[in-house]
Amino acid sequence: MKTILVPTQNIPAMKSTLEAAVLLAQRTGAYLEGVPLWYGVPEFVVAELASSFSIETYRARRNEETAGVRKLFETSCRSTGVAAGA
C-alpha cells in the first residue's frame with residue numbers, strides 16, 4: 001500500500017479514525033491523503049431554499065468546517081511524522 005485515503009469529517013470519531021490510519025501508515029510505510037466529506041445540499045438547491053439562509057452563509061459554513069478538519073488531519077499527521085497531503 002502506498003497511499004491511504006482518509007475521509008475526514010468533523011465528528012467525535014474522527015480522532016480515533018486518524019489514529020488508526022496513522023498506525024496503518026506507519027506499519028506499511030504509506031502516505032496518508034485526506035479528503036473532506038461534506039454532507040450538504042448542492043448549492044443550486046440552497047439557492048431555491050434561500051428563505052432561511054443565504055448561499056454566502058452556506059459557503060462560509062462549508063469552508064469553515066473543511067478548514068477545521070484539514071487542520072485536525074494535518075496536526076495528527078505532523079505529530080506522528082507520517083507523510084500526508086490534504
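Analyst: Buried means under 20% relative accessible area. By that cut-off, 24% of the 86 residues of the chain count as buried. Keep in mind that this is a predicted model.

User: Why are β1 and β2 called paired strands?

Analyst: Pairing needs at least two bridges between the strands. β1 and β2 (residues 31-36) have six bridges, in the parallel sense. One example is P7, whose bridge partner in β2 is V35. Between the two strands the chain passes through α1, and this β-α-β crossover is right-handed.

User: What makes the crossover right-handed?

Analyst: The direction of the path. With the strands pointing away from the viewer, the way from the first strand over the helix to the second runs clockwise. The crossover from β1 through α1 to β2 is classed as right-handed on that rule.

User: Which residues make up the largest nonpolar core?

Analyst: Twelve residues: I4, V6, M14, L18, A21, V22, A25, A30, L32, F73, C77 and V82. α1 gives the most, with five residues.

User: Why is this set called a core?

Analyst: The name requires buried residues of the listed nonpolar types, joined through side-chain atoms within 4.5 Å. The twelve residues, V22 and F73 among them, form such a set, so the name applies.

User: What does V22 touch, leaving out residues up to four places away in sequence?

Analyst: L32, S76, T80 and V82. Contact here means heavy atoms within 4.5 Å.

User: Why is the pair R70 and E74 called a salt bridge?

Analyst: The rule asks for a side-chain nitrogen of Lys or Arg within 4 Å of a carboxyl oxygen of Asp or Glu. For R70 and E74 the N to O distance is 3.6 Å. The pair therefore qualifies. The count by this rule comes to one salt bridge.

User: How are R70 and E74 placed in helix α3?

Analyst: They are four residues apart, so about one helical turn separates them.

User: Why are R70 and E74 called partly exposed?

Analyst: Partly exposed lies between the buried limit, under 20%, and the exposed limit, over 50%. R70 has a relative accessible area of 40%. E74 has 30%. Both values fall in that range, so both residues are partly exposed.

Notes. Residues are numbered from 1 along each chain as its sequence is written. This is a predicted model: local features need pLDDT of at least 70, side-chain atom pairs count only at pLDDT 80 or more; totals for chains, interfaces and linings use all residues. Side-chain values use heavy atoms; hydrogens and water are left out. Buried means under 20% relative accessible area, exposed over 50%, partly exposed in between (1.4 Å probe, protein chains only).
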